[in-house]
Amino acid sequence: MLDYQISKTMELQNTVKEALNALYHHPDDGVRMQADRFLQDFQRTLDAWQVADNLLHDATSNLETLIFCSQTLRSKVQRDFEELPSEAFRPLRDSLNNLLREFHKGPPKVRTQISIAVAALAVHVPAEDWGDGGIVNWLRDEMNSHPEYIPGFLELLTVLPEEVFNYKIAARPERRRQFEKELTSQMEVALNILTACLNINELKEQVLEAFASWLRLKHGIPGSLLASHPLVLTALSSLNSELLSEAAVNVISELIHYTTSRESGGVQVQMPLIQVIVPQVMNLKAQLRDSSKDEEDVKAIARLFADMGDSYVDLIATGSDESKLIVQALLEVAAHPEYYIASMTFNFWHSLQVTLTRRDSYISLVNESTIESEKNRRLHIFRPAYESLVSLVSFRIQYPRDYQDLSYEDLKEFKQTRYAVADVLIDAASVLGGDAALRILYMKLDEAAACCQNEESEWRPAEAALFGIRAISSYVSVVEAEVMPKVMGRLLKLPQHPQLLQTGAYSKWLDAASGGLSILPSVIDVLMSGLAKSEDSAAAAALAFRQICDDCRLKLCGCLEGLFHIYHRAVNGEGTLKVCAEDSLHLVEALSKVISELPPDQAKRALEALCLPVVSPLQEVLSQAPEMLNNRPARDFTVHIDRFGYIFRYVTHAEAVADAIQRLWPIFKAIFDLRAWDMRTMESICRACKYAVRTSGRCMGTTIGEMLEKIQELYKQHHQPCFLYLSSEVIKIFGSDPSCADYLKNLIESLFQHTTRILTSIQEFTSRPDIADDCFLLASRCIRYCAHLFIPSAAFPALVDCSLIGITVQHREASNSILTFLSDIFDHANSTEGAKYLPIRDAVIIPRGSSMTRVLIAALTGAVPSSRLENVTYTLLSLSRTYGAQSVEWARESVSLIPLTAVREVERARFLQALSDAAAGVNVNALSVPLEELSDVCRRNRTVMEIVQGALRPA
């Protein structure tokens with residue numbers, strides 16, 4: 001039997017070698033894919049332990065085999081340690097230790113994987129079971145006994161604290177916390193080992209990296225002790241070392257973060273250490289400007305200054321002489337030509353701005369006058385820094401010369417840079433005041449505009465200055481009369497390049513300024529020219545048109561005739577305007593907002609005029625034969641319907657919109673009848689109807705009844721999800737209206753009856769997630785707005801049954817809608833109206849309580865992705881809060897099905913106690929941790945998750 005096992009293992013080893021050779025060297029893609037699948041499946045087997053270990057000890061194994069087997073062994077220890085019998089621990093530890101010695105000078109990738117495997121083993125195995133006083137003491141003894149292997153052991157010492165935060169390791173939460181305490185208690189031993197290793201010059205870099213790793217633990221070492229510790233002093237003295245600077249920077253960075261952490265006791269307690277660190281870092285300032293320095297070295301130094309700024313911002317904000325020196329250094333970092341270096345300071349400028357301007361920063365002062373005085377003193381101190389900052393960063397928002405050749409990713413990155421710089425400019429405006437920041441940016445616009453006189457001129461500097469001004473525009477006083485008129489004057493004279501058509505950004509100023517009305521005609525003329533120039537210019541001009549009509553709508557009410565002229569040309573595609581269908585929606589919105597300011601009678605007439613150029617082309621399309629209509633693309637309808645949607649959304653006169661939808665209903669009805677099969681057209685028309693319902697409300701009259709009848713009829717045939725979301729809007733507006741009760745009841749029962757007939761299995765939920773999502777969103781709306789119709793209906797129990805089938809659907813929105821529906825059922829009883837429906841609700845929920853709890857616990861423990869835990873947890877705790885001890889018994893039944901090998905008794909008890917506390921009225925927000933920990937325990941590896949899900953799956 002033993003010979004057979006050895007023979008089988010040898011055969012498997014050879015197969016693994018062959019598969020690796022095929023994976024890396026075979027010319028056929030199909031063979032490589034097959035080899036990859038085999039190797040992935042192999043890594044999940046029990047045999048992988050022995051095979052990987054044997055091949056690592058085999059002197060004939062090549063590098064590819066060694067790397068694969070070390071990764072396999074590391075992965076097995078992290079995820080599958082529970083597969084092994086308890087007596088396998090010591091042989092495994094000894095084998096890994098031998099491998100660590102064997103590869104102490106071997107391939108670094110292999111040595112690192114073995115080190116991580118040993119560290120992961122220590123996470124699983126308590127110190128008392130490890131022996132020798134735990135892994136750190138064991139490591140110290142190994143290093144003393146075998147000094148020749150110290151480099152390999154040092155790598156293990158480095159990765160050891162990192163594994164505290166490695167959630168790939170399938171350790172229980174309680175064991176993870178225990179491991180962190182074990183390491184923290186051995187901190188002194190670890191630092192003594194590292195200090196002793198400082199005597200070996202070639203190991204100093206490795207020692208410093210290990211020290212930085214250990215500093216990330218919540219160690220609680222006093223700052224006074226660290227300030228004079230040999231490891232700290234070595235790191236500080238190595239900042240200028242060519243070989244050791246990177247490792248030294250990592251150490252000092254960790255020390256800076258530690259001095260402000262909660263565990264350290266805060267800045268005052270750590271002041272001895274801070275007073276040692278700051279002067280040493282400040283001595284590096286000159287290197288920021290040293291052109292001979294390598295860019296990576298400058299980046300490392302910049303990182304230290306940024307860390308100091310972020311960590312000590314409260315100290316810096318006091319405005320002391322020392323803090324001014326740090327701010328000057330951070331300005332030098334912000335001035336660095338490389339964006340990725342300069343941007344390291346951006347968080348600091350924001351934090352400093354918040355600290356300077358928020359009232360909480362001055363809470364210790366005695367009265368308002370003292371607070372105001374101190375705030376003004378600090379703002380005055382930092383004004384020069386923020387003035388310099390505006391000039392230093394504003395050039396970064398300028399388009400590169402080759403912007404048209406940029407890839408999608410590069411253009412996306414550039415836009416993100418602009419947004420980040422805009423945030424810095426906003427911080428500066430918060431400190432300086434918007435008007436002061438505007439004056440600085442206008443100087444740049446003035447310089448740029450002087451060089452931008454015609455279409456061929458360089459437009460990029462002017463656009464950058466305008467982008468900066470636009471970023472801070474909301475901080476500029478709307479009555480600012482010195483610079484803004486000059487900005488507008490420059491803007492109206494610039495060439496009509498798409499990027500320069502930015503007048504809309506200043507619409508609020510145009511509305512508030514005393515001279516705004518006189519400028520508006522010139523603005524409209526410029527935008528008209530932009531609409532006719534090119535598609536890009538037309539897009540920018542249409543957007544600006546919308547912004548100006550939004551903010552200056554009252555001023556423009558007298559200009560409707562001219563605005564309608566522009567609108568008709570754009571919507572009908574007349575003349576020379578180059579406005580595409582999507583951008584024409586900006587103009588529809590613009591006119592709609594102006595019309596909203598008219599008196600009701602005028603608004604009604606204006607709305608008719610607004611709809612006219614949209615109705616005509618739709619009527620023309622609908623006049624065609626049915627067979628031709630079926631072949632028309634959806635866009636032939638949606639272009640016009642979307643315009644109606646915008647009109648109904650942005651014209652706020654309820655009666656006028658109700659009158660319009662009543663007149664238009666025959667056209668809408670025809671589209672519903674002819675294109676009910678077409679999802680895109682139905683989504684467009686349902687969206688338009690939704691906005692009509694939302695704006696008109698109860699002014700809609702009989703049209704709403706006809707609309708709902710049509711939805712009911714068509715949903716039975718075509719099951720379009722958009723019919724459900726339109727119904728949601730109707731329920732929200734009309735749910736409590738007694739006159740609508742009959743047709744709403746029919747609507748609810750009809751829609752839900754047909755939906756529950758469709759969604760009869762998890763496979764149906766998976767293939768129709770949009771229907772599931774909109775169905776349960778509608779159900780939640782019914783609970784909130786018409787519970788009197790919904791809860792007593794036959795649809796209620798049918799939907800509860802349906803929800804139990806679909807909770808574990810992998811579609812995020814659908815699953816969340818189902819969970820929200822269930823929690824809404826439980827929470828509804830807390831409302832004044834909900835109490836009267838308790839008997840009905842309980843008659844539905846209690847018989848299903850055990851099954852419901854079981855599927856919720858299945859979702860918690862792995863049936864849905866962990867990103868959905870918050871919703872699952874809330875629903876489960878709401879169930880417990882609603883049904884008390886009875887729900888805890890349901891949960892006890894479910895968790896008792898899970899084998900003790902997967903979930904221990906103490907973990908069950910902690911989970912059930914949280915549910916009992918919820919049942920007793922404890923705030924559910926305080927009870928999420930025990931539920932999350934049960935989830936972690938059950939998801940710790942694939943095998944456990946399969947066991948748990950198998951146990952909870954209904955027979």
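**Overall picture, then one residue**

Author: Buried residues account for 54% of the 955 residues in the protein chain. Keep in mind that this is a predicted model.

Reader: How many helices and strands does the protein chain have?
Author: There are 50 helices and 0 strands in the protein chain.

Reader: And what does the C-alpha trace span along its principal axes?
Author: About 95 × 75 × 70 Å.

Reader: What about contacts in the protein chain, how many of those with a separation of 6 or more are between residues 24 or more positions apart?
Author: Such pairs make up 73% of them.

Reader: Ok, surface. How much of it belongs to carbon and sulfur atoms?
Author: The accessible surface of the protein chain is about 41,600 Å², and carbon and sulfur atoms hold 51% of that.

Reader: Charges next. How many are positive and how many negative?
Author: The protein chain has 94 positive and 120 negative charges, and their mean positions are 3 Å apart.

Reader: Now a single residue. Where is Thr 756 found?
Author: Thr 756 sits in helix H40, which covers residues 741-758.

Reader: Buried or exposed?
Author: Thr 756 counts as buried because its relative accessibility is 17%, and the cut-off for buried is under 20%.

Reader: Which residues does Thr 756 touch, leaving out those up to four places away in sequence?
Author: Ala 798, Leu 799 and Cys 802.

Reader: And what lies 3.0 Å from a polar atom of the Thr 756 side chain?
Author: The backbone oxygen of Gln 753.

Technical notes
Residues are numbered from 1 along each chain as its sequence is written. This is a predicted model: local features need pLDDT of at least 70, side-chain atom pairs count only at pLDDT 80 or more; totals for chains, interfaces and linings use all residues. Side-chain values use heavy atoms; hydrogens and water are left out. Helices (H or I, at least four residues) and strands (E, at least two) are DSSP runs, numbered from the N terminus. Buried means under 20% relative accessible area, exposed over 50%, partly exposed in between (1.4 Å probe, protein chains only). A polar contact is a pair of N or O atoms within 3.5 Å; within protein, one must be able to donate a hydrogen and the other to accept it, and residues adjacent in sequence count only if both atoms are side-chain atoms. Contact means heavy atoms within 4.5 Å. Accessible areas come from the Shrake-Rupley method with a 1.4 Å probe; for residues, only the protein chains shown count as cover. Lys and Arg count as positive and Asp and Glu as negative; His and the chain ends are not counted. The place of a charge is taken as NZ of Lys, CZ of Arg, CG of Asp or CD of Glu.
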